[in-house]
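The report that follows describes one protein chain for a reader who is new to structural work. Please keep the picture in view while reading, and look up each residue as it is named.

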Amino acid sequence: MSSLAQEKKYKKIITALTIIIPLAVAALFGINLRELGFDVEPLTFLPPIYATINGLTAVVLIAAVVAIKNGNQKLHEKLNTFAILLSLVFLVMYIAYHMTSDSTTFGGEGVIAYVYYFILITHIVLSVIVIPFVLLTYMRAKLGNFAAHKKIARKTFPIWLYVAVTGVIVYLMIAPYYA
């Protein structure tokens, strides 16, 4: 199969995942197992863990850029694969927490509330937008289309890094309000 044909096939999968992932997260986010009568313990220990995973993702992304700038393509590939896995682990934990625990409301007032909600909203919006970017960037590298990979990676990296870093910031800002 030609590289172009492979890319076309993978783009269909990427398009499906770009739609399915946010819809699934939104649907699962709205389901609280305890409210549905299931006897589950709230997974209240998860937020600091998944915030740490977000922080680790940011470090791994930076290390991946340093690796490729130093010409270490194998390490770059491994680090980016690890960053994707970290993002998946984060997503599973995030969904598990929200399916078993009550949402926490930010308690700050005044300017800090505006700052928090700006960071939160941009974090959420960009976390959805980055999905196809990450998948396309990864696919192009896997298919050996490095010129196209490099071009989209210049957009993917800052968005993904922003999402990872703001995930930590959101956690740090809301942590004092957890029950």
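The expected span of a helix is 1.5 Å times one less than its number of residues. Helices (H or I, at least four residues) and strands (E, at least two) are DSSP runs, numbered from the N terminus. With these terms, α5 has 29 residues and reaches 40 Å from its first C-alpha to its last, close to the 42 Å expected at 1.5 Å a residue.

This is a predicted model, in which local features need pLDDT of at least 70 and side-chain atom pairs count only at pLDDT 80 or more, while totals for chains, interfaces and linings use all residues. Residues are numbered from 1 along each chain as its sequence is written, and side-chain values use heavy atoms, with hydrogens and water left out.

**The chain as a whole**

The secondary structure consists of five helices and zero strands, and along the sequence this gives the pattern α-α-α-α-α. The C-alpha trace spans about 50 × 35 × 25 Å along its principal axes. Of the 179 residues in the chain, 35% are buried, where buried means under 20% relative accessible area, exposed means over 50%, and partly exposed lies in between (1.4 Å probe, protein chains only). Contact means heavy atoms within 4.5 Å, and among the contacts with a separation of 6 or more, 79% are between residues 24 or more positions apart.

**Two bent helices**

Helix α4 has 32 residues and reaches 45 Å from its first C-alpha to its last, close to the 46 Å expected at 1.5 Å a residue. The bend at a residue is the angle between axes fitted to the seven residues ending there and the seven starting there. By that definition α4 bends by about 35° at V130, and a proline, P132, follows within four residues. After α4 comes G144, whose phi is positive, near 80°. Helix α5 also has a kink, of about 35° and centred on A153.

**Two pockets**

Rolling a probe the size of a water molecule over the atoms shows where empty space is left. On a 1 Å grid over the protein atoms alone, a cavity is a set of points where a 1.4 Å probe fits but cannot get out, whereas a pocket is an open set with protein on both sides within 12 Å along at least five of seven lines; lining residues have an atom within 4 Å of a point. Grid points are joined across faces, edges and corners, and a volume is the space filled by probe spheres set on the points. For the classes in the table, Ala, Val, Leu, Ile, Met, Phe, Trp, Tyr, Cys and Pro count as nonpolar, Asp, Glu, Lys and Arg as charged, and the others, Gly among them, as polar.

| Pocket | Volume | Lining by class |
|---|---|---|
| Largest pocket | about 1100 Å³ | 31 nonpolar, 10 polar and no charged residues |
| Second largest pocket | about 680 Å³ | 12 nonpolar, six polar and five charged residues |

The largest pocket has a volume of about 1100 Å³, and of the 41 residues that line this pocket, F90, L91, Y94, H123 and S127 are the closest to its centre. Two or more residues of this lining come from each of α1 (3–29), α2 (46–69), α3 (73–100), α4 (111–142) and α5 (146–174), and the largest share, 11 residues, is that of α4.

The second largest pocket is lined by 23 residues, with I68, H76, N80, H149 and A153 lying nearest its centre. Here α2, α3, α4 and α5 each supply at least two residues, and the largest share, eight residues, comes from α5.

**Residues to look at**

R140 has its place in helix α4, and it counts as buried because its relative accessible area is 15%. Leaving aside neighbours within four places in sequence, R140 is in contact with E7, K11, N145, F146, A148, H149 and I152.

T57 lies in helix α2 and is buried, since its relative accessibility is 2%. Apart from neighbours within four places in sequence, T57 is in contact with A83, L86, S87, W160 and A164. T52 is also found in helix α2, but T52 is exposed, with a relative accessible area of 53%.

I112, in helix α4, is partly exposed at a relative accessible area of 41%. Not counting residues up to four places away in sequence, I112 touches F106 and M173; I112 and M173 are 61 residues apart in sequence and 9.1 Å apart in space, C-alpha to C-alpha.
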